[in-house]
Amino acid sequence: MAGNAAVGVLALQGDVSEHISAFESAIQNLGLTIPVVPVRKAEQILDLMALAIPGGESTTIMRLIDKNGMRNIIQNFKGGIFATCAGMVVSARDLINETRFTPLDLLDITVNRNAFGRQRESFEADLQISGFDTPFHAIFIRAPVITRAGPDVTILAEIPQGIVAAKKGKKLILSFHPEISHDLRMHEYFLKDVLGQK
């Protein structure tokens with residue numbers, strides 16, 4: 001990767017500014033010099049070292065990805081993927097009870113988009129995450145969970161309802177919202193351990 005390659009945050013809908021701020025702070029904490037940019041056009045993705053797909057409304061995000069001609073570019077993107085909440089949904093291979101759109105199939109997972117039902121739209125939990133010394137306080141907002149992960153997918157955290165953090169290669173997929181937790185360890189882990197930025 002080029003030394004000046006940027007981290008992009010897909011800026012179609014959802015928690016865009018929160019992810020930009022979190023990545024900027026994580027990059028500063030790690031002593032790195034990497035720009036963070038909002039991504040609204042397909043051609044921007046080609047120059048990135050990583051792309052974050054933020055939480056939001058998965059049907060809307062997927063519709064805008066297709067409308068903006070981004071599907072094939074994201075599917076063939078060789079950089080890192082940092083997907084949270086709705087980003088997990090659109091990154092999946094298969095979705096449970098969802099026929100309105102076809103997800104991106106970025107890794108071999110099956111996702112239950114409405115794992116907690118409407119009656120429990122938001123909650124918080126202290127997660128034991130593989131490789132972390134202390135629990136990560138995770139905020140779940142109408143969160144999805146992974147119900148099945150392929151053999152090439154590494155599971156990083158689970159709760160009784162299913163898998164909530166997983167990775168494969170340069171892809172890190174989370175069902176919660178680390179960008180609003182005031183704990184930058186997930187963003188730092190992505191940069192340092194998943195992407196190998198030291």
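Rings of Phe, Tyr and Trp (its six-membered ring) count as a pair if their centres lie within 6.5 Å; planes under 30 degrees apart are stacked, over 60 edge-to-face, and the rest tilted. The structure contains eight aromatic pairs. In one of them, Phe132 and Phe136 are edge-to-face, at 6.5 Å centre to centre with 70° between the planes. This is a predicted model, in which local features need pLDDT of at least 70 and side-chain atom pairs count only at pLDDT 80 or more, while totals for chains, interfaces and linings use all residues. Residues are numbered from 1 along each chain as its sequence is written, and side-chain values use heavy atoms, with hydrogens and water left out.

Phe132 is buried (under 20% relative accessible area; exposed is over 50%, partly exposed in between; 1.4 Å probe, protein chains only), because its relative accessibility is 13%. Phe136 is buried as well, at 0%. Phe132 also pairs with Tyr189: the centres are 5.6 Å apart and the planes are at 65°, so this pair is edge-to-face. Tyr189, at a relative accessible area of 12%, is buried. Ring pairs join Phe132, Phe136 and Tyr189 with Phe123, Phe140 and Phe176 into a cluster.

A nonpolar core is a set of buried Ala, Val, Leu, Ile, Met, Phe, Trp, Tyr and Cys residues joined through side-chain atoms within 4.5 Å. The largest has 41 residues, and Phe23, Leu127, Ile129, Phe140, Phe176 and Met186 have the most contacts inside it. A second, separate core of 35 residues includes Ala42, Leu51, Ile53 and Phe77.
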